[in-house]
Amino acid sequence: MSAFVEFVAVVLSGFALVGMALGVGGAAFFALVLGDDAAHADVRKRSLRLVVAGGVALAASRLAALALMPLSYLDEPGGAPVRALFDTDYARAAIAQAGAALVLAFTAASLRGSTATKRRGLQMALAAALALACGAWLTHASSRVESAVPLTIATLAHQLGAAIWVGGIAQLAWLRSLAKSHAADPALWPRLLARFSPLALAAVVLLVAAGLALAWQYIGHWSGAIGTGYGAMVLAKVALLAAALVLGSRNYYATRRWRAGDGDAVGRKVPAYVEAELAIVACALLTAASLTSQPPSIDVPGERAAAAEVIAFLAPKKPILVPPPHDALLATAASTADAFATPSALEHEQNTFNHNMAGLLVLLVAAAAALDRSGKVRAARHWPLLFLTLAAFVLMYAEPTVWPLGPEPFWATLAVPAVLQHRLAALLVVGLALFEWRVQVGGLKATRWRYGFPLLCIAGGAMLLTHSHTVFATKQVFLIELSHAILGLLAVLTGVGRWLELRLPAREARVAGQLWTVCLMAVGYVLLFYREG
């Protein structure tokens, strides 16, 4: 039960960060970007609606995570120490942040009506600041013996920059349809973009500067960045932010061209870039949440993988495409519910086979997609159906000790995070296959269902970025986590590329299509040469 609670807690922490971005960042956007445009009642109401949703999401996520904490002690003698748990600084900070978030939601809701006043606006700003401040006690900074105060300040600055940036992007995506078609003010959409650009730049500078200070304290040395699970997740977050900044730069230059009299890109391309940027930064927040379950690199100096070990792990090697003897595997394998069990040699071999075979299947899918893109083989348009072979393989072999191949029951083992994630992965792959196949053959091509493939890719990538195998931060676990972080990153970029292909004009769409196909091939490469043990 403790492993399941830990996994759910990471997911809820990610939802809380998203909620904080929508609430705190949305409040900043309302005050600093809308400005005089807040006089437009319809724009004001829609903007504040997102702030309300963010405040409620933040409060609900924190309270749900707090309510789940006692469940992790149900298996312990004496049961759950509920009173002791709720008497901790962590519990007090979570309750305080939830309360501030609800106040933020209430004041934002009151501003939507005719009673909107400067006093209410000040209350919303104070509630947003309080919600942000309380969150500092829920991070690594509050538990440090040394440098706790400067680390807390750096954490607040880092979260503030992230909230303003992500919350502003979410507001732009949320207001786009209304702002673009605003009859009384047709220039509202590009004007909002132009106002947000300098604020976003300042937020990113604050985010990066504070992030570097935190990385210096928590990672310490470059070996901690490339040789520990914490460092790997930080690098994954950096890669996601870099991809988001590339899209943000496109928006920035499109806004500059609008100011120079060329507004074509602002209307036709920027909306797609904003949507893609939002998806990437949301996944970055989930990645940041997963850092809370990892010990900082500086705390595990004896469990770092050397650069040579990382390179050897990722380098091409002969894949294992035949599973180990099943009866022998069952005889030595531990229960999936035992989070503290050390995997046997046969379990390592089985996991390597699972990844290698999945990689081969993904490469076949990517090759078929590339063949379809060439336009030379008409039958290749059915390439998404090849995903069904991958889904069947994951269902059968991902957990060989669980039904249908093993003795452990299907439903009872869903409480194990790894099993649950693998089952969800199989469902995601089925969704990928069916949605994209119907798009390729024309049935869903003109409907919103065509976005099923990119959204499921992004969801799968986000799930991998929150994936956790064990509570022990060992070197071998790090190498496994590294591959999952890379796969999660590539899955997100695959989904974003496909989204841009569907949303951009023809020339840019072709480039996006080529990029996501390459990312899908890279997923197959990482899986095919995965080696465990």
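Helices here are DSSP runs (H or I, at least four residues), as strands are (E, at least two), and they're numbered from the N terminus. One of them is α6, residues 148–180, and that's where you'll find Gln171. Keep in mind that this is a predicted model: local features need pLDDT of at least 70, side-chain atom pairs count only at pLDDT 80 or more, and totals for chains, interfaces and linings use all residues. Residues are numbered from 1 along each chain as its sequence is written, and side-chain values use heavy atoms, with hydrogens and water left out.

**Nonpolar cores**

- A nonpolar core is a set of buried Ala, Val, Leu, Ile, Met, Phe, Trp, Tyr and Cys residues joined through side-chain atoms within 4.5 Å.
- "Buried" means under 20% relative accessible area, "exposed" means over 50%, and "partly exposed" is in between (1.4 Å probe, protein chains only).
- The largest core has 90 residues, and the members touching the most other members are Met124, Trp165, Leu172, Phe196, Leu240 and Leu500.
- Contact means heavy atoms within 4.5 Å.
- Setting aside residues up to four places away in sequence, Phe196 touches Phe29, Val33, Ile164, Trp165, Gly168, Ile169 and Leu172.

**Helix pairs**

- Some ground rules: axes are lines fitted to C-alpha atoms, for helices over the stretch in contact, and angles run from 0 to 180 degrees between N-to-C directions.
- Angles under 35 degrees count as roughly parallel, over 145 as roughly antiparallel, 65 to 115 as roughly perpendicular, and the rest as oblique.
- A crossing is left-handed if the near helix is turned anticlockwise from the far one by less than a right angle, and right-handed if clockwise.
- For residue classes, Ala, Val, Leu, Ile, Met, Phe, Trp, Tyr, Cys and Pro count as nonpolar, Asp, Glu, Lys and Arg as charged, and the others, Gly among them, as polar.
- Helix α2 (residues 41–68) packs against helix α4 (residues 89–111) at an angle of about 160°, with their axes 8 Å apart, so α2 is roughly antiparallel to α4.
- α2 and α4 make a left-handed crossing, and their contact divides into 20 nonpolar, two polar and two charged residues.
- Helix α7 (residues 188–218) and helix α9 (residues 229–259) cross at roughly 160°, and their axes come within 10 Å; α7 and α9 are therefore roughly antiparallel to each other.
- The α7 and α9 crossing is left-handed, and among the residues making the contact are Pro190, Arg191 and Tyr218 of α7 and Tyr230, Trp258 and Arg259 of α9.
- Sorted by class, the contact of α7 with α9 has eleven nonpolar, two polar and two charged residues.
- α16 and α17 pack at an angle of about 165°, with their axes 9 Å apart, so they are roughly antiparallel to each other.
- α16 passes α17 in a left-handed crossing, with contact residues including Gln421, Leu428 and Phe435 of α16 and Phe453, Cys457 and Met463 of α17.
- The contact of α16 with α17 has ten nonpolar, four polar and one charged residues.

**Residues to find**

*The contact lists below leave out neighbours up to four places away in sequence*.

- Gln171 is buried at 0% relative accessibility, and it touches Gly26, Phe29, Ser47, Leu50 and Val51.
- Gln171 and Thr107 are 64 residues apart in sequence and 18 Å apart in space, C-alpha to C-alpha.
- Pro190 lies in α7, counts as buried at 8% relative accessibility, and touches Trp258 and Val266.
- From Pro190 to Val234 is 44 residues in sequence and 34 Å in space, C-alpha to C-alpha.
- Thr466 sits in the loop between α17 (452–465) and α18 (475–503), and it's buried, with a relative accessible area of 7%.
- The contacts of Thr466 are Phe7, Val10, Leu286, Ser290 and Gln421.
- Thr494 is in α18, is buried at 2% relative accessibility, and is in contact with Cys457, Trp516, Cys519 and Leu520.
- Pro404 is in the loop between α15 (387–397) and α16 (417–440), and the peptide bond from Trp403 to Pro404 is cis, with omega near 15°.
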